[in-house]
Amino acid sequence: MTTRAGTVYLVGAGPGDPKLLTIRGKECLEQADVVLYDYLANEALLQHVSPTAERLYVGRRGRGQYRDQAEINRLLIDHAQAGKRVVRLKGGDPFVFGRGGEEAEAVAAAGLEFEVVPGVTAAVAAPAYAGIPVTHRTMASTVTFVTGHEDPTKDRSGVEWRRLATVHGTLVFLMGMTNLPKIVQCLRAEGKEGTTPVALIRWGTRASQRTVVGSLDDIVEKAAAAHMEPPTVIVVGEVVRLREQLNWFERRPLFGKRILVTRPKPQAVEFSDLIAAQGGEPVECPTIEIVPPEDWAPLDRALARLSTYNWLIFTSVNGVAPFMTRLLETQRDVRALSGLTICCIGPRTAEALAAYGLRADVIPEQFQAEGILEVLAARQMRGARVLIPRALVARELLPDQLRTQGADVDVVPVYRTIRPAVATDRLMEQLRTGGIDVISFTSSSTVRNFVELFPTKDELLRSVGKATVACIGPITAATAREAGLTVQVMAGQNTVPALADAIVDFVVNPIDGRTASAVIH
């Protein structure tokens with residue numbers, strides 16, 4: 001039987017901000033059997049790739065040598081000929097100084113199908129994130145993209161420096177940081193004014209973005225003083241003067257900060273989006289995973305006698321979906337909950353319940369077990385039958401206190417939290433080198449599983465170093481302190497948006513000894 005040949009997708013990864021990936025690019029990554037990626041493609045994009053897909057790293061600065069282009073071409077062809085869907089994930093746009101044309105030629109010559117998925121080029125995006133429009137009605141009617149690193153095997157340069165020096169629009173050089181002195185020298189030699197503004201933008205669109213502004217007369221010295229290195233986009237032209245007014249990205253409160261997100265992967269998106277909206281870079285490393293209980297029998301027995309309960313209490317948003325799903329799987333629906341008073345620990349849990357057409361009767365002002373007990377203290381709980389669907393392992397405060405008040409309480413597991421397999425090498429490197437600014441915890445489980453990643457307490461404390469520890473509430477904070485961590489930030493309410501706000505507040509106003517509700521010491 002002959003294997004049908006696969007398809008190669010040359011996908012533009014964009015300039016670095018993972019949100020700038022195109023919808024089509026995301027689809028290709030989700031459907032890929034093999035992904036070849038390199039230095040300029042943000043590794044965060046690999047979260048869209050199936051766990052069963054093969055990931056091939058084909059060259060990263062500081063992590064070994066680049067693979068030869070011929071070898072990359074061979075890998076693309078070999079995997080496609082084996083019938084696989086192959087994604088070549090390339091920084092920026094594949095056809096803008098990305099050697100995508102060469103790869104497409106090789107694939108086409110092999111008689112294989114291919115598709116080019118354009119990406120947002122750094123030539124436009126990096127200046128935009130630095131507050132520099134590459135065109136402007138009164139300043140630049142043209143923009144010219146120039147390679148700053150030509151093929152070293154060419155007999156002569158293909159760059160027409162005389163014409164570039166006389167262009168009144170914007171010049172954008174890609175891959176030119178190493179050759180900056182030569183670029184400046186050639187432009188000046190052909191008559192470009194030394195006062196012409198220049199901007200250097202390193203790692204444009206990422207939290208690590210750095211921008212240096214000068215002129216042709218002094219930009220080489222300024223670059224050396226700032227230790228600017230590749231990858232850097234060079235912008236030459238009058239539009240650089242607009243940066244002072246239009247610099248929007250670098251003024252966001254969390255700009256330059258990396259925040260470790262330890263939430264379960266399906267729930268990390270909300271928090272990551274909140275961090276990114278404030279200019280920070282979320283680093284997702286889930287330390288817990290939500291999985292079904294090993295035995296549904298306790299819940300099934302409770303569902304069979306729902307009519308005997310007076311109260312249904314959800315203590316976590318994670319408990320709603322499995323409870324409702326099992327309810328429907330056992331040939332019941334929301335009518336089986338009639339007559340029950342439903343309590344949700346917080347507004348997010350109530351929102352999850354509302355998705356099933358149910359409204360919570362009780363939501364405490366304090367979003368934790370103590371808050372529920374405070375609300376129920378005014379109710380007559382003696383003799384009441386209470387059902388609490390929750391995690392297999394959780395605090396016993398709520399059921400114990402309710403039983404003390406005379407209630408008949410059934411606690412049934414509807415999910416478990418486990419520690420997922422975590423690729424810790426990259427995380428540990430970032431922690432050791434100070435690459436993580438804030439470590440966030442949204443539950444005691446995220447804390448405990450994070451701590452278990454380290455062989456000893458000393459190693460934990462050394463790795464955390466000067467990173468700020470932020471917790472969603474007092475229970476989570478207490479768990480972190482028991483592990484030996486110093487908690488600097490705590491949300492005013494037990495919600496993810498409140499935690500994001502508390503982190504922003506702490507970063508913007510780092511006042512030692514402050515005792516505001518968002519911060520504890």
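## Confidence of the model

The protein chain has a mean pLDDT of 92, with 95% of its residues reaching 70 or more, and the structure described here is a predicted model. One stretch stands apart from these values: over residues 513-521 the pLDDT stays under 50, and for these residues the model has 25 contacts beyond four places in sequence. Where pLDDT is low, the predicted coordinates should not be read in detail.

## Strand E4 and its partners

Strand E4, which covers residues 85-90, is mostly covered, since five of its six residues are buried. Strand E1 (residues 7-12) runs parallel to E4 and is joined to it by six bridges, while strand E2 (residues 34-37), also parallel to E4, is joined to it by four bridges.

## Packing of helices H10 and H11

Two packed helices are described by the angle between their axes and the distance between the axes. For helix H10 (residues 297-304) and helix H11 (residues 320-329), the angle is about 65° and the axes lie 11 Å apart, and H10 passes H11 in a right-handed crossing.

On the side of H10, the contact is made by Leu299, Asp300 and Leu303, and on the side of H11 by Phe323, Arg326 and Leu327.

Conventions. Residues numbered from 1 in each chain as written. Predicted model: local features only at pLDDT ≥ 70, side-chain atom pairs only at ≥ 80, totals over all residues. Heavy atoms only, no water. pLDDT = per-residue confidence, 0-100. Contact = heavy atoms within 4.5 Å. Axes fitted to C-alpha atoms, helices over the stretch in contact; angles between N-to-C directions. Helix = DSSP H or I, 4+ residues; strand = E, 2+ residues; numbered from the N terminus. Left-handed = near helix turned anticlockwise from the far one by under 90°. Buried < 20%, exposed > 50% of the residue type's maximum accessible area, 1.4 Å probe, protein only. Pairing = 2+ DSSP bridges.
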